[in-house]
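Hi everyone, thanks for coming. I'd like to walk you through one structure today, so please have a look at it with me.

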Amino acid sequence: DPARNRWRPMSTVGAPPPRWAPIVAFVGDRFFVTGGGSYRTHNPGGADDVQHAAIYDVREGAWHEVTSPPKLPEAGWVHRFVAGSKVILVNSMSFAVHIVDLEQRVVTDANVPAELLGRAGVAAVWTGRRALFYGGYRSLPYTNPCAKATRPCDPPSPPQQVFSDGWYFAP
């Protein structure tokens, strides 16, 4: 209750495993969590189940597992949009698009045009009915000239193809 400055913990029964920088969305009375970084990065042998996804239902005060969660990087690399009872997740490092149905608790993959797959660094915005995407880049095949160097070597950046086109997705 922010008006009274009261904090209360959510139940941890059925909650996702520990993680940092997760992808989250709040829709109606549901709080969705997936992705992020794990403790294993800093503690080899620790928990590494950041692909587990769950929904916390505020009315019930309970966590529910999401079946077939998407494989996603940390939150900074994912665009997320809310469309009704669905959350649309776009992996901005590969342009894979996942649709999370919070009522059915399932994830489906959208069919992405082949020319967009593998594109990274795309700007995105949600209009309320459509996701609009612009630009991005794709790394081109590259052989590091320093790979077999016998003395210090400062390799050039890999070549990239940069795009100036726009696309939209209407779920």
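A residue counts as buried here if its relative accessible area is under 20%, as exposed if over 50%, and as partly exposed in between, with a 1.4 Å probe and only protein chains considered. By that cut-off, 35% of the chain's 171 residues are buried. Two notes on the source: this is a predicted model, where local features need pLDDT of at least 70 and side-chain atom pairs count only at pLDDT 80 or more, while totals for chains, interfaces and linings use all residues. Residues are numbered from 1 along each chain as its sequence is written, and side-chain values use heavy atoms, with hydrogens and water left out.

Let's stay with the whole chain for a moment. Its accessible surface, from the Shrake-Rupley method with a 1.4 Å probe, is about 10600 Å², and carbon and sulfur atoms hold 54% of that. For contacts, meaning heavy atoms within 4.5 Å, take those with a separation of 6 or more: 46% of them link residues 24 or more positions apart.

Now, how many helices and strands are there? The chain has zero helices and 13 strands; helices are DSSP runs of H or I with at least four residues, strands are E runs of at least two, and both are numbered from the N terminus.

I'd like to zoom in on one sheet. Two strands pair if DSSP finds at least two bridges between them. With that rule we get an open sheet of four strands, ordered β5-β6-β7-β8 and paired antiparallel. β5 and β8 (106-109) are at the edges with a single partner strand each, so one side of each has no neighbour in the sheet. From one strand to the next, the twist averages 20°.

Let's follow β6, residues 86-91, where five of the six residues are buried. On one side is β5, residues 78-83, joined to β6 by six antiparallel bridges. Val78 sits opposite Asn91, and Phe81 has Ile88 as its bridge partner. The two strands make a hairpin with two residues between them, and Gly84 in the turn has a positive phi of about 65°.

One of the bridge pairs is Lys86 with Asp101. This hairpin has five residues between its strands, and Phe95 takes a positive phi near 70°.

That's my tour; happy to chat about any of it.

Methods. Axes are lines fitted to C-alpha atoms, for helices over the stretch in contact, and angles run from 0 to 180 degrees between N-to-C directions.
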